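Morning, everyone. Have a look at the screen.

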Amino acid sequence: MTAPILITGAGQRIGLAFARACLDRGQPIIVTYRSYRPAIDALQKAGAVCLHADFATNEGIDDFLQALKSRTDTLRAIIHNASDWIPESEDSDPADVMNAMMQIHVMTPYRINLACRSMLEQEGSTTDIIHMTDYVVEKGSAKHIAYAASKAALTNLTLSFARLLAPRVKVNAVAPSLIMFNQGDSQAYREKTLKKSLMGIEPGAEVAVATLQFLLDNPYITGRTLPLDGGRHLV
């Protein structure tokens, strides 16, 4: 029986697109979601195991790990896609912002990777962990300082876990910039953002799905971060 892929934060956008792609090719998946969306029902009807998970606390991580281990003994891969995007503001306590960003982007994958190591290593072939980081790691952010710092820490986790888990488990990261706009984004914002990359397009979730699948299929890449930014670093 094929071991499932765990995808965190699969209720929308890239996580949802990759979950659908897995189901389309008959790959079993276990997905997590924090907020209910109709897409969760659709994934469940298509055969996904859907687990509500609140990674904002260590107790939430504990509850998730218990639920996960009641569903499977092995994993083909873990895709760490769960994320949040909290800016600094006059109305927020900087300590709360930093703690929240580090909790979901660092503590959660750190604890899940360690807890699920044996589940990945039980597979007969090489398995994978993929961290979804961010292009912002290269440049920082004046408006999302804690977010950028936490994604940088996640990038470093990629290196450490690649060293720890080789050769049984490959550990890589994908660092996207603009992949898809949000529904409420203004036309002015869209035009300004498109000019930030050489390609100048909104590529859609398909490019992220293809990149994730490439890493899963390639047996000789580990400890690397693949940029998915349309040449933004050259603008």
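This is a predicted model, so keep that in mind throughout.

Take Cys-22. The nearest cysteine sulfur belongs to Cys-50, and that is 13 Å away. Cys-22 is therefore in no disulfide, given a limit of 2.5 Å. Is Cys-22 buried or exposed? Buried, with a relative accessible area of 0%.

Now Cys-116. Which cysteine sulfur is closest to that of Cys-116? The one in Cys-22, at 17 Å. That is too far for a bond. Cys-116 counts as buried as well, at 0% relative accessibility.

Next, the fold as a whole. The chain has eight helices and seven strands. Its radius of gyration is 17 Å. The globule rule gives 18 Å for 235 residues, and the two values are close, so the chain is as compact as a globular protein of that length. Along the principal axes, the C-alpha atoms fill a box of roughly 50 × 40 × 40 Å.

How much of the chain is buried? Of the 235 residues, 47% count as buried. What about the surface? The accessible area comes to about 12100 Å². Carbon and sulfur atoms account for 52% of that.

On to contacts. Take the pairs of residues at least 6 apart in sequence that touch. Of those contacts, 70% join residues at least 24 apart.

Charges, briefly. The chain has 23 positive and 24 negative charges.

Please find it on the screen. Arg-37 is in the loop between strand S2, residues 29–33, and helix H2, residues 38–45. Arg-37 counts as partly exposed, at 30% relative accessibility.

Which residues does Arg-37 touch, leaving aside those up to four places away in sequence? Gly-11 and Gln-12. Gln-12 is 25 residues from Arg-37 in sequence. In space, their C-alpha atoms are 8.0 Å apart.

To recap. Cys-22 is buried, and so is Cys-116. The loop residue Arg-37 is partly exposed and touches Gly-11 and Gln-12. That's my part; over to you.

Notes
Residues numbered from 1 in each chain as written. Predicted model: local features only at pLDDT ≥ 70, side-chain atom pairs only at ≥ 80, totals over all residues. Heavy atoms only, no water. Helix = DSSP H or I, 4+ residues; strand = E, 2+ residues; numbered from the N terminus. Rg over C-alpha atoms; globule rule 2.2 N^0.38 Å. Buried < 20%, exposed > 50% of the residue type's maximum accessible area, 1.4 Å probe, protein only. Contact = heavy atoms within 4.5 Å. Areas by Shrake-Rupley, 256 points an atom, 1.4 Å probe, with all protein chains shown as cover. Lys, Arg positive; Asp, Glu negative; His and termini not counted. Charge placed at Lys NZ, Arg CZ, Asp CG, Glu CD.
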